Amino acid sequence: MTTTPNKAVCILGMHRSGTSVVAMSLGRLGVDLGPERELMPASYDNPGGFFELSGVVSLNERIFEALGRSWDATAAMPERWWTRRQMRPLLLEAGVLVDRFFSDRPLWGWKDPRTCLTLPLWQQALADRGCELSYVIVCRNPLDIAASLERRNGFAAAKSLGMYVSYTLHALGYTQNAPRVLVSYERFLADPAGQLRRLAERLGLGAPDEETVADVIARVDPALAHGSSDAQQTAHALRGPVREVYRLTTEAEAADAAPERQTVDRLLGEFRTYSEMITSQMSPSRPSRVQVFNVAEGHLSEAKSVSIYIIADGQVRPHAFELPWDEVTCLRFDPGSSEGLVYIESAELRRADAPADAPPAWRFTAGDIHAVRDLVPLDDTSGRFAIVGDDPQVILFVPAELARSGPLQLVVTMSLQHHLDPAQMRQVMAWLRRSADLPPSRQALAATDRDLEAGRWVIDDGVDADDGLLARLLGALDQDRYVLSLSHSDYLSAIGGTEKFLREEQGNLGKQGISHLQVSVRDAELQAPGPRDAEALLTVNADGRAVGVCTLSALVAALELLAATGTARPAAVHLHQLMAWPLAGLELLLDVLGPPVTRVYLHDYATACPQFNLLRNGEQFCGGSDRLDGPLCGECRHRKRRGKTFPAFAELFARRQMEFVAPSEAAAAVWKACFPQQADRLRVVPHQLVRPVRRDPSPRLERLGRADYRPRIAYLGYPAACKGWQTWLRLIHDRRLKQTYDFYVLGACEGLPDHVRHVPVSFVDDGLDAMVQALLACGIDLAFLWSIWSETYSYTAFEAMAANCLILTHDASGNIAVQARQNGRGRVFASEQDLLGFLWRRDEVVEAARLTLQHNPFVTLVPNAQIARETAEGLDAPPEPCRATADQVLAAARQGGQAALATRLAAELANQRAAVRQLENVRRLQGRLVELDADKRFHDALAAQPHEPPPPGALRRVKHGLGRGVRLARGLMRRL
């Protein structure tokens, strides 16, 4: 039997009431809150950390789901809900979770505000294990809670106060006759030492030592008390049950006593009675911010935007936006920043000085509207359309006659509905497409802001239009040989390591006289590769210029026609990132083009697992494996999707002759563990070459030698959990570090505290060496590169080396850790605590940075052109002059060549899908035949022993099933 814990502490309290600070303090007193890797990561709204077990939060959410509720509901919980049948498996799961994390812990605890409502189920699970349970209930002024929820979630004050009553009364009611202590958030911030000792005494944890008290004081930021409301003002502002609940908890906490049981029972009973009335007076929907940007020369600015808040309840209403600008040529309309469905009945422009009953100056039609996300026009002439997506946005083009007519008013009659689940999303999209009755290539018009700036529009499948695909390709390709590069994103607009490499690849190929044709899947998502519609939308770029958006079948047809006429032929195919790429379409491209070589670049591990960085459950690097039934995949939530994607890629690699290119030995080792059978076809080719360069280190050495100098530490790149962003947030909020270091973020980021300097860095806008120049200009001493997965390469690591910064990294960071160790340019730590210990020792940090500057030269980074040279050397003799001019190619296409090819290729793709399905059926039947044959032989053996005859009719049924299976298989084989 599993050993169970003997004492647990549950931290309760309303959201935004200070439970995280109290949980952190109890953790310092010795209460085990669970493994750090299992805790919810910090975020912008709680940079110090939540101290909540992910499993507890997930289970509480599923309790709400089973009861048809949500965490922000204001109604009372049903009577004795925990005794319902659907709670039984959840109760078992709660017990398993406790046994998994705390079976050998004498003192442990957990915190999640949702537990205020779900506590009875946890109480039952712990009672079954003989665990002694006590409670800490954190209280805060409800007006401050409401203000915080308005800032974070946009909740109306009435809704937040209703939630406060529900959470507080349930927490008090469920903890009657149990050891508990009430803690005021305001008093805790004002006197953390005194409140910490009080908690330790009341919970029987022993008096804390002075070091523990000092540590808690250092971690409690008094600035957290911002917005604290005056008690007298609160008493006048609150009404009804909110006022009574607040008074009850305030008086009990001040007296260090439990609230009166009779008062709690009365308030809870009254709350159950009139909770429906309270709910009816509060908006069940979250207000959503709708924003309109004035697009100036393709760029957006918050300064040139207006916004209003609307209720996302699905009701169609007119909404007016005052546009105070004298010149408007293009607007971006953002109806909400989260997933959902937007339906727009009409969009109109009115002159600000026109009478209210005057007709609109302009009504937008389908031709004036383009989508940044999935937009579906409902007809060709009116402005009626709908948008479905995770961040719906549209572009509205203002007619020239109104562009400089002075202030205007935009009136949009629309409805907004949030929180569509994926199944609803698919249903809505399918319905809209049926309603629109338009070809798929017209159901997502235009693209991103950069597409707008670059002039990229959707291309027709045919070539009759002036901007047809063939005409655009002929005008964009500089050479008659090209490399086709496939990836998951448009490298002209996206910012990432893969996109940076694609820019370098384009330059290297251009120097060898080879064009670069880059194609990415439109709105790529992580999903299982497999047969996909030939109408899948692709974004096409040629030699650094935007070509357009087209369908897969149109691209295949156009490239085949170019090759057949000798106008442009492929030199190679480079597969950079295959997330969301239809594998059937990929193989069709390879079959049609027949390139001499196909290379697969290992920028990450997406071919091995949909979790491209191999973070097990998104939290811990697993190291990779070629087994789906092993322990690594066994408890990972990505196992099911990997069960579909991994075999598909393994079969593709086995069937096709491909080369595999890794940018580092670290990446090669991980990928070989996943695909050992392809190890002999894998080689390592670094993205860049490192060359020494002269640069004077004396100014930085002089600064480091000053006693009052604050070393400069920078986070490089985009904020991401897999790159250590949560650890960075804890660093910049550590009181001791804030007094010692200057913090920088170099990259794209928003919402940083005042003491952290943000320096925007973009290799798209500022050149490929933008990060190196920013590091040198800011005089950065320490580069924080805390990736928690095995990075395949990491441009930022080499850029930090080029600027001679001391790299601070995690030992699981792959090539970052390798480079830091090999070159003596960094420190590699096993844990966040080791990193903190190093940073707290300022003199040691300064000495390490000084030695890095003294003993390592500055370097410059040069793109590695090895692959480009190999591609050029592998080409056959220079081709004969083009047998067809551009005009002749277009003429042939207009005569039906391209349309015929597109039709044939689409049909071929459909046949491929049918063949795959039939082959799967054959394999299943073959497996069933083997099972049936084994059953027959088993029953024959039984029949040979007269003392144990088979059951009546068993042998007949087996023979009948075997015969039927054979007939089905033969019939299917004939059809194939």
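These legends describe close-up views of a predicted model.

Local features need pLDDT of at least 70 and side-chain atom pairs pLDDT 80 or more, while totals for chains, interfaces and linings use all residues. Residues are numbered from 1 along each chain as its sequence is written, and side-chain values use heavy atoms, without hydrogens and water.

View 1. K111 belongs to strand β2, residues 107-111. Helices (H or I, at least four residues) and strands (E, at least two) are DSSP runs, numbered from the N terminus. K111 counts as buried because its relative accessibility is 2%. Buried means under 20% relative accessible area, exposed over 50%, and partly exposed in between (1.4 Å probe, protein chains only). The side chain of K111 makes a polar contact with the side chain of E52, at 2.8 Å. A polar atom of the K111 side chain also lies 2.9 Å from the backbone oxygen of F50. A polar contact is a pair of N or O atoms within 3.5 Å; within protein, one must be able to donate a hydrogen and the other to accept it, and residues adjacent in sequence count only if both atoms are side-chain atoms. Leaving aside residues up to four places away in sequence, K111 touches I11, T19, S20, A23, F50, F51 and E52. Contact means heavy atoms within 4.5 Å.

**View 2. The aromatic pair F501 and Y601.** Rings of Phe, Tyr and Trp (its six-membered ring) pair if their centres lie within 6.5 Å; planes under 30 degrees apart count as stacked, over 60 as edge-to-face and the rest as tilted. The count by this rule is 27 aromatic pairs. F501 and Y601 are tilted, because their ring centres are 5.2 Å apart and their planes stand at 50 degrees. F501 sits in helix α17 (residues 497-511) and Y601 in strand β21 (residues 598-601), 100 residues apart. Both F501 and Y601 are buried.

View 3. F646 is in helix α21 (residues 639-655) and F675 in the loop between α22 (665-674) and β25 (682-684), so the pair ties together parts 29 residues apart in sequence. F646 is buried at 7% relative accessibility; F675 is buried at 0%. R642 lies over the face of F646, 4.4 Å from the ring centre. A charge sits over a ring if NZ of Lys or CZ of Arg is within 6 Å of the ring centre and within 35 degrees of the ring normal.

**View 4. R736 over W840.** The charged end of R736 sits 4.2 Å from the centre of the W840 ring, over that ring.
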